[in-house]
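Here is a short report on one protein model. Look at the structure first, then read on.

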Amino acid sequence: MEIEEAVGLAMRTTLATALDGVCAVYDHKPDNAAFPFVTFDRHIVQPEDDIAEPMSRHMVTLTVWSDRRGPKQVRNILGRMRRALHHADLTLSNGESVLIEVERLDATLDGDGKTYMGSALVSVLTDNKEI
């Protein structure tokens with residue numbers, strides 16, 4: 001398993017537990033998904049320092065989708081996500097998570113002018129050595 005897949009799987013597992021009973025977490029939302037839900041939208045990987053250590057920084061964007069008016073539901077889910085991920089100890093099947101930080105949370109009015117959506121930008125520093 002590639003390190004990117006290992007990071008995604010560990011984050012999904014952590015979020016599924018933290019958001020159990022609140023909303024589902026998807027890589028790819030099914031057509032009939034019930035609101036609210038969270039999707040993994042972007043995963044950027046960049047080498048942290050190729051010479052000293054085989055480390056990578058993963059920037060993962062998560063999106064909260066809601067069909068409720070107002071930002072309360074979205075902010076609640078974003079808060080749960082932050083509590084679950086910020087400085088979490090993710091167990092990876094390949095490599096090791098060194099530092100996890102929730103860099104940014106954002107709740108914004110959707111294009112329909114009624115409902116809100118949210119996003120979280122999560123930074124995961126990994127040591128990519130085989131364990």
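## An aromatic cluster

F35 is partly exposed, at 41% relative accessible area. Partly exposed lies between buried, under 20%, and exposed, over 50% (1.4 Å probe, protein chains only). F37 is buried, at 3%.

The rings of F35 and F37 have centres 5.2 Å apart and planes at 40°, so this pair is tilted. Rings of Phe, Tyr and Trp (its six-membered ring) pair if their centres lie within 6.5 Å; planes under 30 degrees apart are stacked, over 60 edge-to-face, the rest tilted. F37 also pairs with W65, and this pair is stacked: 6.4 Å between centres, 25° between planes. F37 sits in strand β2 and W65 in strand β3, 28 residues apart. Strands (E, at least two residues) and helices (H or I, at least four) are DSSP runs, numbered from the N terminus. W65 is partly exposed, at 29%. Y26, F35, F37 and W65 form one aromatic cluster.

## The nonpolar core

The largest nonpolar core has 26 residues. Such a core is a set of buried Ala, Val, Leu, Ile, Met, Phe, Trp, Tyr and Cys residues joined through side-chain atoms within 4.5 Å. Residues with the most contacts inside it include M11, L62 and V122. Helix α1 (3-18) and strand β5 (115-127) are among the elements that each supply at least two core residues. The largest share, six residues, comes from α1.

## About the model

This is a predicted model: local features need pLDDT of at least 70, side-chain atom pairs count only at pLDDT 80 or more, and totals for chains, interfaces and linings use all residues. Residues are numbered from 1 along each chain as its sequence is written, and side-chain values use heavy atoms, leaving out hydrogens and water.
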